[in-house]
Amino acid sequence: MIRRAVPGDLDVVLELSKEFCVLDGHVFDAGRVKPALVPLLASDQHGVVHLVEEEGWALGYAIVTWGYSLESGGRDALIDEIYIRDRGSGVGTSLLAAILDDLKARAVPRLTLETEKANEAARRFYERHGFVEEDSLWMSLDLS
């Protein structure tokens, strides 16, 4: 079952996020992640957290956040994180389909995501589902 995560799912989503960061080689900082998750779980104002469960066990999650772009014609969406515990099981495909259905229902015209350069398996997965690599290069500046 795939459903929108709610405030009571905070600990589960935190654990999944930690697993994702360890697997992907990112630093996990619960003190930074937890307060960022709280508003996402409380309402859809900033985005939505999709949780995949089977018999009460969390199989994975995706965090989709809202942006705004003239190039997209207004509101757009970003897959900020997506993680499946048992890769290759078809759960990721089901989760991505649920995300796309949700975005279509919200009339969001464009979905973007980023992957690590070395993560060829992720890029192949997204390409199989119609995503195309763009010439844009993401850059960031930490303002904290």
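1. The model under discussion is a predicted one. With a relative accessible area of 18%, T65 is buried, and, apart from neighbours within four places in sequence, T65 is in contact with L40, H46, G47, D76, A77, L78 and D80.

2. One of those contacts, D76, sits in strand β4, residues 74-84. D76 deserves a careful look, since this residue is buried and yet has no salt bridge, the nearest side chain of opposite charge being that of R110, 5.2 Å away. Neighbours within four places in sequence aside, the contacts of D76 are T65, W66, G67, Y68, S69, V108 and R110.

3. The structure holds nine salt bridges, among them one in which the side chains of E53 and R3 meet at 2.9 Å, N to O. Because E53 lies in strand β2 (residues 47-54) and R3 in strand β1 (residues 2-4), the pair ties together parts that are 50 residues apart in sequence. E53 counts as buried at 16% relative accessibility, whereas R3, at 24%, counts as partly exposed.

4. A further salt bridge joins D44 to R4, with 2.5 Å between the closest N and O atoms; here D44 is in the loop between α2 and β2 and R4 is in strand β1, 40 residues apart. Both residues also belong to a network of salt bridges that links R4, D44, D102 and R106.

5. The largest pocket holds about 1,400 Å³ of space and is lined by 47 residues, of which F20, D24, D80, E81 and I82 lie nearest its centre. Strand β4 gives the largest share of this lining, seven residues, and by class the lining has 24 nonpolar, twelve polar and eleven charged residues.

6. The second largest pocket holds about 870 Å³, and of its 24 lining residues the closest to its centre are L113, E114, E133, E134 and W138. Its lining divides into seven nonpolar, seven polar and ten charged residues, with β5 (111-113) and α4 each supplying at least two.

Methods
Residues are numbered from 1 along each chain as its sequence is written. This is a predicted model: local features need pLDDT of at least 70, side-chain atom pairs count only at pLDDT 80 or more; totals for chains, interfaces and linings use all residues. Side-chain values use heavy atoms; hydrogens and water are left out. Helices (H or I, at least four residues) and strands (E, at least two) are DSSP runs, numbered from the N terminus. Buried means under 20% relative accessible area, exposed over 50%, partly exposed in between (1.4 Å probe, protein chains only). Lys and Arg count as positive and Asp and Glu as negative; His and the chain ends are not counted. A salt bridge is a side-chain nitrogen of Lys or Arg within 4 Å of a carboxyl oxygen of Asp or Glu. Contact means heavy atoms within 4.5 Å. On a 1 Å grid over the protein atoms alone, a cavity is a set of points where a 1.4 Å probe fits but cannot get out, and a pocket is an open set with protein on both sides within 12 Å along at least five of seven lines; lining residues have an atom within 4 Å of a point. Grid points are joined across faces, edges and corners, and a volume is the space filled by probe spheres set on the points. Ala, Val, Leu, Ile, Met, Phe, Trp, Tyr, Cys and Pro count as nonpolar, Asp, Glu, Lys and Arg as charged, and the others, Gly among them, as polar.
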